[in-house]
Amino acid sequence: MTAELEKRAIAVHGAAYAPYSEFRVGACVQMNGKLFDGVNVENASYGLGICAERSAVFSAVIAGAHELAAVMVCTDASPPSSPCGACRQVLYEFARDPAAVVVTSINPAGERRSWTLAELLPDGFSGRELP
Ligand SMILES: [Zn+2]
């Protein structure tokens, strides 16, 4: 499944809409055994943009998938970029066991970095504290 995640993240990163930053990001998440793609989508009103990781997760939610197993992110950066804080929190929302969810960042040149979600967001906010 990792090879398919990687293939899709690389492919979709070309579809990113990033005319302002020119920082194109593609993501592919495995949720409930299925794969969902996402790209970053910027806006002239900068604060309205969304990251690739979150757009992939939201596509999964539309399909009824709520259990995150793996994340693949592709950018042109060297070394490959890790997900931003907002995306880490959104990923955490759907991770039953953050220590078991592997997040991998790659670039088309073949470089890669990997972490568990627990490493990226230690002691994250789960919502269990909410009334
Ligand atoms: Zn992000």
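## Buried, exposed and the overall fold

A residue is called buried when its relative accessible area is under 20%, exposed when that area is over 50%, and partly exposed in between. Cys-74 has a relative accessible area of 0%, so Cys-74 is buried. These values come from a predicted model.

Now the whole chain. Four helices and five strands make up its list of elements. Read along the sequence, they follow the pattern α-β-β-α-β-α-β-β-α. Of the 131 residues, 44% are buried.

The C-alpha trace spans about 40 × 35 × 25 Å along its principal axes. A compact globule of 131 residues would have a radius of gyration near 14 Å, and the chain agrees because its own value is 14 Å. Residues 24 or more positions apart account for 62% of them.

## The zinc site

Which residues donate to the zinc ion? The protein donors are Cys-51, Cys-84 and Cys-87, each through its SG atom. They lie 2.2 to 2.4 Å from the zinc ion. Their spacing in sequence is C-x32-C-x2-C.

Cys-51 and Cys-84 link distant parts of the chain, 33 residues apart. Cys-51 sits in the loop between strand 2 (34-39) and helix 2 (52-62). Cys-84 sits in the loop between strand 3 (68-74) and helix 3 (85-93). Cys-84 has 32% relative accessibility, so Cys-84 counts as partly exposed. Cys-87, in helix 3, is buried.

## Cysteines without a disulfide

A disulfide is a covalent bond between the sulfur atoms of two cysteines. How many disulfides does the structure hold? The count is zero. Cys-74 is in no disulfide, and its nearest cysteine sulfur, that of Cys-28, is 11 Å away. The cut-off for a disulfide is a pair of cysteine sulfur atoms within 2.5 Å.

## Helix 1 and its two sides

Helix 1 covers residues 2-13, which is 12 residues. From first C-alpha to last, helix 1 reaches 16 Å, close to the 16 Å expected at 1.5 Å a residue.

Which residues of helix 1 are buried? They are Leu-5, Ala-9, Val-12 and His-13.

## Helix 3 and its cover

Helix 3 also has buried residues. They are Cys-87, Arg-88, Val-90, Leu-91 and Tyr-92. What covers them includes helix 2, strand 3 and helix 4 (117-120).

## A cis bond and a distant partner

Where is the cis peptide bond? It joins Ser-78 and Pro-79, with omega about 0 degrees. Pro-79 belongs to the loop between strand 3 and helix 3.

Glu-111 comes from another loop, the one between strand 4 (102-106) and strand 5 (112-116). Glu-111 is partly exposed because its relative accessible area is 32%. Leave aside its neighbours within four places in sequence. Glu-111 is then in contact with Ser-78, Pro-79, Pro-80, Ser-105 and Ile-106. Glu-111 and Ser-78 are 33 residues apart along the chain, yet their C-alpha atoms are separated by 7.4 Å.

## Lys-34 in strand 2

Lys-34 lies in strand 2. At 54% relative accessibility, Lys-34 counts as exposed.

## Two positive phi angles

Asn-32 is not a glycine, although its phi is positive, at about 50 degrees. Asn-32 is in the loop between strand 1 and strand 2. Its relative accessible area is 47%, so Asn-32 is partly exposed.

Asp-123 is not a glycine either, and its phi is positive at about 55 degrees. Asp-123 is in the segment after helix 4. Is Asp-123 buried or exposed? With a relative accessible area of 79%, Asp-123 is exposed.

Conventions. Residues numbered from 1 in each chain as written. Predicted model: local features only at pLDDT ≥ 70, side-chain atom pairs only at ≥ 80, totals over all residues. Heavy atoms only, no water. Donors = N, O, S within 2.8 Å, 3.2 Å for Na, K, Ca; no water. Buried < 20%, exposed > 50% of the residue type's maximum accessible area, 1.4 Å probe, protein only. Expected span 1.5 Å × (residues − 1). Contact = heavy atoms within 4.5 Å. Rg over C-alpha atoms; globule rule 2.2 N^0.38 Å.
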